[in-house]
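Please read them alongside the coordinates.

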Amino acid sequence: MFKVIHKETEKTVDVYDITYEPISGYPQFLIYEDNQWLRKSAKHFRPYEDKKKKLLESNLKDKNYEYKFEDGM
């Protein structure tokens with residue numbers, strides 16, 4: 001599972017599965033929305049950026065530190 005942001009609503013959405021739709025050429029995300037499971041095209045979403053991680057990275061760069069984030073952060 002990972003997070004994405006819906007382009008129109010700016011809401012954070014959890015993606016539970018990905019399938020490939022050869023007709024449209026876009027991956028399809030399995031999401032849970034309004035009490036139902038839906039498959040929606042990935043073209044309606046943008047990557048999720050963790051604001052805390054971004055802030056920490058910018059603070060470290062300002063102090064000339066380097067830090068590599070592991071999975072989970």
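1. K40 counts as partly exposed in this predicted model, because its relative accessibility of 24% falls between the 20% and 50% cut-offs. Its salt-bridge partner is E33, with the closest N and O atoms 3.1 Å apart, and E33 is likewise partly exposed at 24% relative accessibility.

2. The pair is one of 4 salt bridges that the structure holds. Another is formed by R46 and E10, whose closest N and O atoms are 2.6 Å apart; because R46 lies in strand 5 and E10 in the loop between strand 1 and strand 2, this contact ties together parts that are 36 residues apart in sequence. R46 has a relative accessibility of 32% and E10 one of 45%, and E10 also shows a positive phi of about 65° in the hairpin turn.

3. The side chains of K3 and D14 meet in a salt bridge at 3.2 Å, N to O, which links strand 1 to strand 2 across 11 residues of sequence. K3 is partly exposed at 40%, and D14 is partly exposed at 25%.

4. Strand 1 (residues 2–6) pairs with strand 2 (residues 12–20) in the antiparallel sense over 4 bridges, with I5 opposite T12. Strand 1 is also joined by 3 bridges to strand 5 (residues 45–47), again antiparallel, and here V4 stands opposite P47.

5. As to confidence, the chain averages a pLDDT of 83, and 73% of the residues score at least 70. The mean is lowest in helix 1 (residues 51–62), at 68, and highest in strand 4 (residues 36–41), at 96. Where pLDDT is low, the predicted coordinates should not be read in detail.

Note on methods
Residues numbered from 1 in each chain as written. Predicted model: local features only at pLDDT ≥ 70, side-chain atom pairs only at ≥ 80, totals over all residues. Heavy atoms only, no water. pLDDT = per-residue confidence, 0-100. Helix = DSSP H or I, 4+ residues; strand = E, 2+ residues; numbered from the N terminus. Pairing = 2+ DSSP bridges. Buried < 20%, exposed > 50% of the residue type's maximum accessible area, 1.4 Å probe, protein only.
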